[in-house]
Amino acid sequence: MKYLSEYRDAALAQELLKEIKAIVTKPWTLMEVCGGQTHSLVKNGILKMLPEQITMVHGPGCPVCVTPIHIIDEAIELSQKPHMIMCSFGDMLRVPGTKISLLEAKANGADVRIVYSPLEAVKIAQENPDREVVFFAVGFETTAPANALSVVQAAKQNVKNYSILASHVLVPPAMEAILSDPETTVNAFLAAGHVCTIMGYNEYDPIAEKYKVPIVVTGFEPIDLLQGIYMAVKQLENGEAKVENQYIRYVQREGNIRAQQTIDEVFAVSDREWRGIGTIPKSGWEVNEAYRKFDARRKFNLVEEISEDNTTCIAGEIMKGKKKPFDCPHFGKDCTPERPLGSPMVSSEGACAAYYHFSQAEALPS
Amino acid sequence: MSQQKLSIRLNCPLPKLDFDVITLGHGSGGVLTHRLLDTGVFNVLKNDLLNEQHDGAVLNFNGPVAFTTDSYVITPIFFPGGNIGELAVNGSVNDLAMCGAIPQYLSLSFILEEGLRMDEFWEVLLGIKKASEEAGVPIVTGDTKVVDKGKGDKVFINTTGLGRLHPKANIHANRVKPGDKILVSGPVAQHGVAILSVRQGLEFETTITSDTKPLHQPVLKLLDALGEDVKFLRDPTRGGVATVLNELATQSGHGVEIIQKEIPISEQVEGACEMLGLDPLYVANEGIFLAIVSESKAAPALHILRNFDPLASIIGEVTHDHPRQVLQHSRIGGRRIVSMLPGEQLPRIC
């Protein structure tokens, strides 16, 4: 397939692996920020192909994993209101809240619908004027423009029965939170390609400089990841710490200005709790004053509570790269993708779910 | 395939009926039921056994018989490349074929929702007729019930199938041995993607059509030519190829290895799966099957399958290593476990 098969080329992959092996002399720990990258590393079997000096740890960039449990509970509470249609991206449905998941709420009779775009949710609202439609707007900078656009469109078309339950998180503050942890093991980052498609990568320069870490904006296909790893390792071996862009076919330094304007139109920066990590200052977006009528939290008077998460789940340490899923006593035993105890086991982008499969492959003879 | 209505393509318009929609009366057993059956079901699907209009059909069998049943509850009932009626016939025909049987008879039970439009019912019925004729398998008995509006989803269909076992068939997972080759009879993931393309909220423009079709002809040709060297057959419907291979690994106690680049998939289907965030290995199929054959007979088996579909392929083999697990060699030379799906395949956020 055009623009895909080129980035899945076996000969090119072997070539890049050879080059990585040729330059690596010391052990390095690299963190891929985005869950999509984790998924691709595992799906394509790349982790096992890398030289043993390179350890990949899996960052907090899985939106399913970092959405705090009280927001899941809010979504479930909303879905159970009469005349409510709750719309969500697919993989939020299985995430366990305090008691149940949205999928279970649906089984109990709530009208929960999977959509691929928030604009579909606006359409559903227009088609059901006598009902309330809430879109569960989660995600990083990547999904924010479309979520913001849905609010702008609803406002323009005077759709009064549409609102969003926003739980947006931002990558750079999370990277800083990880780096400022004295126990961090991360030597370099593969920054999330799609986030940078929207936001550009100007905001990473101060981080690279302050913490002396190479940051390579990286894509998601096997060749992208191998090239990103190569670029990061090369910097580390040369003692450099700068921001580089591997994903040049989509990412420009300044990002997508129009998308950023749409985000600014609707959202305001706020402190945000990350599941398993805690509250990180100025690490999220919430609906701003101008669009308050489209904020489900205000519209339905939801009271934001502090989450009381399952304390047996070590999601926070895993997402900061301090522990591997194997280090958790529950991993693969009472915590599996069918019955997850914590969020990293839920989404295929979550480190635990990815490792759940990888760990089995690990036991195989090579 | 043209998306024109079957009734137009078959030049078979809806007969004049008293009602435009199915009513509870059509399931009462009284006059309305009889009128619906006489002008509709019996007239369209007629054959000697069905014409008896008895409570059941009396059949003659000698020797081993395969027996299968399946219910069809698909939404939407009309989709690119077919409708629920064709699916219901082909599904049970294929389940018989996967047992190594020659499909011979089907039963047909409708559960209709009050308010179903008569012309939609007619299209479904014609779909059943078309599929039954194409497969050469008659409907010999059946039932029709109507439930209150809101208690069903337009139409549910159950079909049960009976078929004589092919004399050379010996299809059992426990006969599968390391070294056996795994063949797929055509490109994967078409049906599931075709359904998604018309599902409310997900509509996207595509020419992808469901692959629903009867599979007993290629299966019987394989059995004629290779007999006991055909060890295991399965059509990867719900859960897709990955699920069937996991079942094979579990049931046989051996390992399974597949090679990603050998798995046939159309560019359009692959593109749609990428866009929707779905793994094609888990997407449903209705017109392909997996065959496990002895290593020495893989080449002739492939030759037979390619007479029916040029994209048939040898996608992997059964191994001593990693028992009860399915491993895929990725295009770039990596390896990964292909596991069972934990629940529904849910599209990812980004």
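Predicted model: local features only at pLDDT ≥ 70, side-chain atom pairs only at ≥ 80, totals over all residues.
Reader: How do you know that chain A agrees with a compact globule?

Author: Glad you asked! For 366 residues, a compact globule would have a radius of gyration near 21 Å, and chain A has 21 Å, so the two agree. The C-alpha trace of chain A spans about 65 × 45 × 45 Å along its principal axes.

Reader: And what makes chain B agree with such a globule?

Author: The reasoning runs along similar lines. With 350 residues, the rule gives a radius of gyration near 20 Å; chain B has 21 Å, which agrees. Along its principal axes, the trace of chain B covers about 65 × 55 × 35 Å.

Reader: What makes a residue count as buried, and what share of chain A does?

Author: A residue is called buried if 20 or more other C-beta atoms lie within 10 Å of its own. In chain A, 56% of the 366 residues count as buried. For chain B, the share is 49% of 350 residues.

Reader: How do you know that the span of helix 4 of chain B is close to the expected one?

Author: Helix 4 of chain B runs over residues 84-98 and has 15 residues. The expected span is 1.5 Å times one less than the number of residues, so 21 Å is expected, and the helix reaches 21 Å from its first C-alpha to its last. After helix 4 comes B:Gly100, with a positive phi near 85°.

Reader: What makes domain 1 and domain 2 of chain A neighbours in contact?

Author: The assignment gives domain 1 as 1-315 and domain 2 as 316-358 in chain A. Two residues are in contact if their C-beta atoms lie within 7 Å; 32 residues of domain 1 of chain A are in contact with 24 residues of domain 2 of chain A. Helix 2 of chain A gives the most to the side of domain 1 that touches domain 2, with five residues.

Reader: Which classes of residue make up that side of domain 1 of chain A?

Author: The side of domain 1 of chain A that touches domain 2 of chain A has 16 nonpolar, 11 polar and five charged residues. Gly is counted among the polar ones.

Terms used
Residues numbered from 1 in each chain as written. Chains lettered and ligands numbered in written order. Rg over C-alpha atoms; globule rule 2.2 N^0.38 Å. Buried ≥ 20, exposed ≤ 12 C-beta atoms within 10 Å, placed from the backbone. Helix = DSSP H or I, 4+ residues; strand = E, 2+ residues; numbered from the N terminus. Domains from an automatic or database assignment.
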